[in-house]
Amino acid sequence: MSGKLAKAKGFKKSKPGTYLSIGTTLFGAVSVAKQAKKAKTEQDTLQMIDAVVSAAAIVTGVALLIRELRRLGDDDVLAD
């Protein structure tokens, strides 16, 4: 079982794993966009602030993942 865990951790630090992380992070942007739209419609300032902070977290997360992709460069053994 520890072999599977090691492979999973290795995948997370690979290009495909990082692309998957970017995709799932961006998928969260859909929810944040809906939240912001609802907050605007209801004129709910607190909910709008929450949506803006969540969007900032998504942008930061994607930026970190892109930086990780650049660091992986051509050293990724799982890449084609």
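A polar contact is a pair of N or O atoms within 3.5 Å; within protein, one of the two must be able to donate a hydrogen and the other to accept it. In this predicted model, such a pair is found at the start of helix H2, where a side-chain oxygen of Ser14 reaches to within 3.2 Å of the backbone nitrogen of Gly17.

Helix H2 itself runs over residues 15–42 and has 28 residues, and the distance from its first C-alpha to its last is 41 Å, which is close to the 40 Å expected at 1.5 Å a residue. Several residues of H2 are buried, namely Gly17, Thr18, Ile22, Val32, Gln35 and Ala39. After H2 comes Gln43, a residue whose phi is positive, near 55°.

Helix H3 covers residues 45–72 and includes Arg71, and Leu46 is likewise found in helix H3. The table sets out the accessibility of these two residues.

| Residue | Relative accessible area | Class |
|---|---|---|
| Leu46 | 67% | exposed |
| Arg71 | 58% | exposed |

Leu46 is called exposed because its relative accessible area of 67% lies over the 50% cut-off. Arg71 is exposed for a like reason, because its value of 58% is also over 50%.

Leu46 also takes part in a nonpolar surface patch of about 310 Å², which it makes together with Ile49 and Val53. As for Arg71, its C-alpha atom and that of Lys15 are separated by 10.0 Å, although the two residues are 56 residues apart along the chain.

How values were computed. Residues are numbered from 1 along each chain as its sequence is written. This is a predicted model: local features need pLDDT of at least 70, side-chain atom pairs count only at pLDDT 80 or more; totals for chains, interfaces and linings use all residues. Side-chain values use heavy atoms; hydrogens and water are left out. Helices (H or I, at least four residues) and strands (E, at least two) are DSSP runs, numbered from the N terminus. Buried means under 20% relative accessible area, exposed over 50%, partly exposed in between (1.4 Å probe, protein chains only). The expected span of a helix is 1.5 Å times one less than its number of residues. Patches are made of residues with over 30% relative accessible area and no salt bridge: like charges are joined within 9 Å, nonpolar side chains (Val, Leu, Ile, Met, Phe, Trp, Tyr) within 5 Å. Accessible areas come from the Shrake-Rupley method with a 1.4 Å probe; for residues, only the protein chains shown count as cover. A salt bridge is a side-chain nitrogen of Lys or Arg within 4 Å of a carboxyl oxygen of Asp or Glu.
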